[in-house]
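Hi everyone, thanks for coming. Please have a look at the sequence and the structure, and then I'll walk you through them.

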Amino acid sequence: SEIEARGLHLVARLSDAPEWAHPSVGGQRHVDYVDAPPDDFADFAAYCGTVAERYRGRIAAYQVWNEPNLSREWGSRPPDAAGYTGLLAACSRAIRAADPAAIIISAGLSPTGTYDDSAHPDDIYLQAMYDAGFEQHVDVVGMHAPGYSPPSVSPDEAQRSGSQRFFTFRRIEDLRRIMVRNGDTARQVALLEVGY
């Protein structure tokens, strides 16, 4: 294919479960929520395994889900790091069985200061993912670095000037400290959404 001819490597995001897979979720997709996890993680695992089998050796890495720390990405339910870790574990096992060489990347988390049933801050959610043991199911930790300030501004500088740490591109430094605190120093990071 054109991608292989150019020496490029694909990262595929696995998310957006079809509506039949989560009948327990009320509301309308794209009105009340963007995405919802399947009611039975085995359904999602079967999908992940099928994709990995079909594209074995052609897709280099898989990002499992996106922004589960937002209710709208978790079926209008409160964010649930342990629940996401269960989904990640099921998908990861299926991918590894179908394509052991594929790289598994955890979902990028949305930087936010909201902490209620609609959203959990990325740093708090990442720690909850560690508490649930997510790292045993991934090769790389996914992060988002959209930033709302020049990339030179550190989280500390933003905080001192009255802004929020999560508004900075360098928010990823805060998230990396969580990895280090959890003894996960050797694992790499993938920036899945970037901008400033």
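I'll begin with the chain as a whole and then turn to one strand.

First, some housekeeping: this is a predicted model, where local features need pLDDT of at least 70 and side-chain atom pairs count only at pLDDT 80 or more, while totals for chains, interfaces and linings use all residues. Residues are numbered from 1 along each chain as its sequence is written, and side-chain values use heavy atoms, with hydrogens and water left out.

So, what is the chain built from? There are 6 helices and 5 strands; helices (H or I, at least four residues) and strands (E, at least two) are DSSP runs, numbered from the N terminus. Starting at the N terminus, the order is α-β-α-β-α-β-α-β-α-α-β. The radius of gyration, taken over C-alpha atoms, is 17 Å, close to the 16 Å from the globule rule (2.2 Å times the number of residues to the power 0.38) for 196 residues, so the chain is as compact as a globular protein of that length.

Of those 196 residues, 48% are buried, meaning under 20% relative accessible area with a 1.4 Å probe, counting protein chains only.

Now find strand 4, residues 140-145. Here 6 of the 6 residues are buried, so the strand is largely enclosed by the rest of the structure. Val140, Gly142 and His144 point one way, and Val141, Met143 and Ala145 the other.

Which strand does strand 4 pair with in the parallel sense? That is strand 5, residues 188-194, over 6 bridges; pairing requires at least two bridges found by DSSP. Across from His144 you'll find Glu193 in strand 5.

How values were computed
Buried means under 20% relative accessible area, exposed over 50%, partly exposed in between (1.4 Å probe, protein chains only).
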